[in-house]
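Please look over the model below before reading on.

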Amino acid sequence: MRIGELAARAGTTTRTLRYYESRGLLPARRTGNGYRTYDEDDVRLLEQIRTLQDFGFDLEETRPFVECLRSGHPEGDSCPASLAVYRRKLTELDALIGELSAVRAQVGAQLARAEAATPGGPGPRCELTG
């Protein structure tokens, strides 16, 4: 299939596909007349990239998964390099969850302090609600 058909099937743009090609994530096969040509393996590869990006992986983090697919594994996450990226991402997510939990606790403490400062009495007049 040609680039326009691949873009339509993958739900992306030809510009994105050219960018992936320039980054070495999408193979650059060409016909005799210079047209780019793709197959079902490329559709699967793009599905893998998009799924990972939906999970918050940046484009470079998808590279081991792409290489795993290209090496013949039916799933792009069964190679050691892919597993290492999963582990790094989980560590990153755990750190973010910890940071968000700390911020949530601070906001909750501020709310409790603010509510305790005005027990039953009229609160300050809010300029936005009149």
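Leaving aside its neighbours within four places in sequence, with which residues is T62 in contact? Contact here means heavy atoms within 4.5 Å. Under that cut-off T62 touches L25, I49, L52 and Q53, with neighbours within four places in sequence left aside. T62 sits in the loop between α3 (40-54) and α4. Its relative accessibility is 0%, so T62 counts as buried; buried means under 20% relative accessible area, exposed over 50%, and partly exposed in between, with a 1.4 Å probe and protein chains only.

The model is predicted: local features need pLDDT of at least 70, side-chain atom pairs count only at pLDDT 80 or more, and totals for chains, interfaces and linings use all residues. Residues are numbered from 1 along each chain as its sequence is written, and side-chain values use heavy atoms, with hydrogens and water left out.

The chain holds five helices and zero strands, in the order α-α-α-α-α from the N terminus. The radius of gyration of the chain is 24 Å, well over the 14 Å that the globule rule gives for 130 residues, so the chain is more spread out than a compact globule. That radius is taken over C-alpha atoms, and the rule is 2.2 Å times the number of residues to the power 0.38. Helices (H or I, at least four residues) and strands (E, at least two) are DSSP runs, numbered from the N terminus. Along its principal axes the C-alpha trace spans about 80 × 40 × 20 Å.

Of the 130 residues in the chain, 27% are buried. Among contacts between residues at least 6 apart in sequence, 45% join residues at least 24 apart. The accessible surface of the chain is about 8,800 Å², and carbon and sulfur atoms account for 56% of that area. These areas come from the Shrake-Rupley method with a 1.4 Å probe; for residues, only the protein chains shown count as cover.

Which residues of α4 are buried? They are R63, P64, F65, V66, C68 and L69. Six of the eight residues of α4 are buried, so this helix is largely enclosed by the rest of the structure. Its buried residues pack against α3 and α5. Just after α4, G72 has a positive phi of about 105°.

Helix α5 (residues 80-117) has 38 residues and reaches 56 Å from its first C-alpha to its last, close to the 56 Å expected at 1.5 Å a residue. The expected span is 1.5 Å times one less than the number of residues in the helix. Buried in α5 are S82, V85 and K89, and the buried residues of this helix pack against α4 (63-70).

V85 has 2% relative accessibility, so V85 counts as buried. Neighbours within four places in sequence aside, V85 is in contact with F57, E61, P64 and F65.

From C-alpha to C-alpha, F55 and A8 are 22 Å apart in space and 47 residues apart in sequence.
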